[in-house]
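Good morning, and thank you for making time for this item. Please keep the sequence and the structure open while I speak.

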Amino acid sequence: MTNYGHRIRFGVEVLGGSDAPGDAVALAVLAEELGYDLVVFPDQVGEGGADALSLAAWTAARTRTVQVAASRLDARARPASVVARGAGSLQLLSGGRGMLVLGSGSAGEDLGVVEEAVAVIRSLQDTSRSRVSSAGTYHRLADAEPGPALDREVPLWLYGADTALAALAGRVADGWVADLDEVGVEGLAGLNAVLDRAAIDAGRDVREVRRSVTLTSGDAADVSALVALVVDHGVSSVVLRVRTGDATQLRTFIDDVAPAVREGAERALPPGALSSRPVRRADVRARRRPGIAYDHVPDDLVATAVEPGDAAFGKVRSTYLRGGNPGLVLRQRNAAEVASAVGFAREHMHLPLGIRSGGHGISGRSTNDGGLVIDVGALNAITVLDEAARVVRIGAGARWRDVARVLQPHGWALSSGDYGGVGVGGLATAGGIGFLARKHGLTIDHLRAVEMVLADGTLVRASATENTELFWAARGAGANFGVAVAFEFVVDEIDQVGWAQLAFHAPDPAAYLEAFGRVAVTTPRETTPFLILGQGIAQLMAMVDSSDPDVIVSQLQPFAEIAPLMQQQVVIAPYAAVMNMFPETPHNGRGEPVSRSAFTREITPGFAAASADLIRSGASHWYQIRTVGGAVADVAPDATAYAHRDANFALAVMGANAQRLDRWFEPVRRQSHGLYLSFESDRNPDRIADAFPSATLDRLRRLKAQLDPDNLFQDNFNITPARDHTRNAS
Amino acid sequence: MNSDTNTDYGHDLLFGTFVTPTTHPVHQAVEQAVVADRAGLDLVTFQDHPYVSSFHDTSTLLAYAAARTERIHLAANVTNLPLRPPAVLARATATLDLLSGGRIELGIGAGAFWDGVAGMGGPRRSPGESIKALEEAIAIIRGIWDTTDRSVLSVRGKHYDVHGAKRGPAPAHPIGIWVGAYKPRILRLVGRAADGWLPSMQYLQNGLPELTEMNRHIDESALAAGREPSDVRRFLNIGGQFTSQRRGFLQGPPSQWAEELTEVALTYGTSGFILASDDTTVTQTFAAEVAPAVRKLVADARGTSRHE
Ligand SMILES: Cc1cc2nc3c(=O)[nH]c(=O)nc-3n(C[C@H](O)[C@H](O)[C@H](O)COP(=O)(O)OP(=O)(O)OC[C@H]3O[C@@H](n4cnc5c(N)ncnc54)[C@H](O)[C@@H]3O)c2cc1C
């Protein structure tokens, strides 16, 4: 008995339609409706027929779930490099449903050419390298750019019934397919053995190569023979060859034969023998990191988990500002999966754990080196729960630009921050100092409830009436207590806003700052300005929550008079337009961001002078002041874990070198009080006390001792559990 | 108007877009094709640079976008011949033409960026070789499509050697072969063998007036080959910006664009304008405010000149 443990899949190979390829597509679409897992288009370009790659791409656009393969591709017909790009695009456009089958099946085929083609295709999918080369007489690459970056490699199978091809499949392929009427059952056993031997000799696991047969109608009715193929010969993909127009056969096979085969095989095999867990190639497994139970990743997470050797790794390893090299990224699609990921993380307490939503963390380490990442980016649904009360449920993985875009048609907005790419999960657990803050408060001030998976894996809801202490903590220190999966916010009625971008001549930064500080504190709440101060130049971005040009102009005028204007642009635009100013870019952060934060009630001469020194020193390339106060200060300091309610200004400074930056930043810190954790990357324990006043911190530590006593969640301003908690409580 | 300097091959006008085949976001190029289709444009085109890994494979993108659109025609602008063997290219294009109900055209070029081509395992060709190869390729492509010809397809060229290949599939409609070309030698090939000519405004070193001389090469070569100059449709890839102020050529309001493109159409016989646009609003403005206006102005001018 030979079985490789793969779940059984049923497919259809569509024959015919060379002059009417639309008929082939129609059959494929029907196959998907009927529940087939796979449609296969044999290439006909050698015989004056249709091009399989075009058929596959067209079909991918007309289907949603079925895997689409271009098959029997003669390795000589096209440059393998271009086939690789085509397969990459098919994979991207179809959401990971592409597949390639090389080999025309003709005996005496030059397998050297096939092998070169495989090498070229594999090389171009290896985006961990910046350039790839591959030697060959027929197919080669010389310093070519690998890509496109994929989420999952395109499965590469070989087709043919001779020994040499089976051996090649054993060495290099992800699957092997032969025509049953050509090999016969005996032949299949023999070739399987050849394939296994070749795989083992190449240091591979025999399960890396899936086995498949193509059936003609004659073989398709004999259920027990098909069960035997699965149970005794390890066949896991059973593909029926059907002519276009033969819908009846297509139906009979999937309705009557397939379930019987599945049932028969399951009965004959030990329970649980067949699984859909991916079997990674030896070269992929070789890039695994120590201390991670890769083979015990929970079943519900395996399909989306990314390991260092996987195609998707390049896309998920780093964040917007931070370079990373994690050992495993778990990407959840629902709260239950988050709970399983947290359970898996609990078994890896010896490793760093990052929680990632939008990947724009500065203080939060949402990537790491050799550890785990729980990535909830896919939980990005935005749903209006109550139109009249403006209650909106937002998944932690949503980005603020998308939130703004979805709310806009309702005439609503929710203040977040200044950058649309930032994720909801990180910002809404910390504060949310945005362009509407002075009028409408922080993002967390709009929170009505949060759903969180706690360290013990339970999913809880926290609000003013349930888990109230957690609700308090989640608004300012959420990252210490669990993984938020969704938030319910009451959003504001905001449609068009005034949006100003002003640039000033500011040769004397201290003078500019002081003047800015004076104007800002007396400005009506509708206006929330953010200031970026550089050497000689000040850039002011301000939002005015009004669509009345007179109000906008009159509130901006005092700012315009601070210093000579170099440039100005004032428009009336939807809030969503401001959040969508910058398009999404891939996350290729390198190194570690160095960021410092401070709050201040006013811009004193001392604060301004220290700031001016810092700016002149060159130790910082980014000095930004966001205004707060107003509605933010209407909330009591102990109402949420975000306690610095009395501040009017939040400073964020970035530099390249921490030591150098600190030398110039310390004087500024001495002139300020407290900090906003989201902009502080320093891990010095003193910073915790800056982030949270002592009463807040004590309360947080007590809750931490209850909810996360083993301190699983520590990637972002770790609040250590109160040690004496149990004693006090008893 | 002075007939010495004014050229008109009498084609109806086509308007389209030139969309970057970016893979980021994955479906952006497809969405831009859908926008162009819904806006009522005639054509959406994508460049083909298989050595650029941040672009989609153009042939796959064409198939996918064709399946997501309804009326618009699609073409590469232009296919990189050295990386796309002609017989397979012909069959792939015909396959798509059949699937799409006759909406595929074949933009093709002799190749460029030879380091990139060679890096992907393709041949490195001199300008002369690349033109020769293109001529052979066009013969092969037409031969593959022509299933009414019962003879054995045989093109024994220096770069491509096809002998005894089966013909077919026959496309659903006569697919136009449109060549991207600038220099006299390849322009003469266009005149002899192509159905369309697809230059880009940005590559005209001396601006639009260069088109006159280029047209002449095509016209003379067409006549010498026993064809009509009007057998070759003249396209132009254009770029511009809609602004409220008049700032320069195709930098201004749609009405200004319409006047300028009308002028181009009537002066150089250009009958296909393909705008580089990855922006929904720009594409919609082009379709709604420029295309109909140019059509009307050109029709008026043609009508007028007929009465003169
Ligand atoms: C360009 C830029 C502009 C910014 N502008 C502003 C601004 O104007 N105002 C403002 O307030 N902030 C701003 N920030 C800071 C931003 O709010 C934080 O960096 C925030 O953590 C980013 O959230 P994220 O989900 O994108 O980050 P991620 O990198 O995904 O996460 C960062 C950290 O947040 C925590 N976290 C993330 N998701 C969850 C979750 N689901 N449950 C629990 N904890 C979670 C984790 O500790 C994680 O390490 C800005 C950041 C950047 C990079």
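First, the conventions. This is a predicted model, in which local features need pLDDT of at least 70 and side-chain atom pairs count only at pLDDT 80 or more, while totals for chains, interfaces and linings use all residues. Residues are numbered from 1 along each chain as its sequence is written, chains are lettered from A and ligands numbered from 1 in the order in which they are written, and side-chain values use heavy atoms, with hydrogens and water left out.

Contact here means heavy atoms within 4.5 Å. Among the contacts in chain A with a separation of 6 or more, 73% come from residues 24 or more positions apart.

Let us turn to the barrel. In chain A, eight strands close into a barrel in the order 1-2-3-4-7-8-9-10, with parallel pairing; two strands pair if DSSP finds at least two bridges between them. From one strand to the next, the twist averages 25 degrees. Strand 2 (residues 38-42) and strand 3 (residues 67-73) of chain A are joined by five bridges, and V39(A) stands opposite V68(A) in strand 3. Helix 3 (residues 80-93) of chain A packs on this sheet, touching strands 3 and 4, and its direction makes about 150 degrees with that of strand 4. Such angles run from 0 to 180 degrees between N-to-C directions, the axes being lines fitted to C-alpha atoms, for helices over the stretch in contact.

Chain A also has an open sheet of five strands, in the order 14-15-19-17-18, with antiparallel pairing. Why does one side of strand 14 and of strand 18 lack a neighbour in the sheet? Strand 14 (382-386) and strand 18 (459-463) stand at the edges, so each has a single partner strand. Strands 14 and 15 of chain A pair over four bridges, and D386(A) has V391(A) as its bridge partner in strand 15.

Next, the cores. A nonpolar core is a set of buried Ala, Val, Leu, Ile, Met, Phe, Trp, Tyr and Cys residues joined through side-chain atoms within 4.5 Å. The largest has 174 residues, and those with the most contacts inside it include F41(A), W176(A) and F46(B). Helix 5 (residues 127-145) of chain B gives the most to this core, with nine residues. Another core, of 84 residues, lies apart from it and includes Y419(A) and F713(A).

Finally, chain B. The axes of helix 1 (residues 28-38) and helix 2 (residues 58-67) of chain B come within 9 Å and cross at roughly 45 degrees. A29(B), V30(B) and A33(B) in helix 1 meet L61(B), Y64(B) and A65(B) in helix 2. Nine of the ten residues of helix 2 of chain B are buried, so that helix is largely enclosed by the rest of the structure.

How values were computed. Helices (H or I, at least four residues) and strands (E, at least two) are DSSP runs, numbered from the N terminus. Buried means under 20% relative accessible area, exposed over 50%, partly exposed in between (1.4 Å probe, protein chains only).
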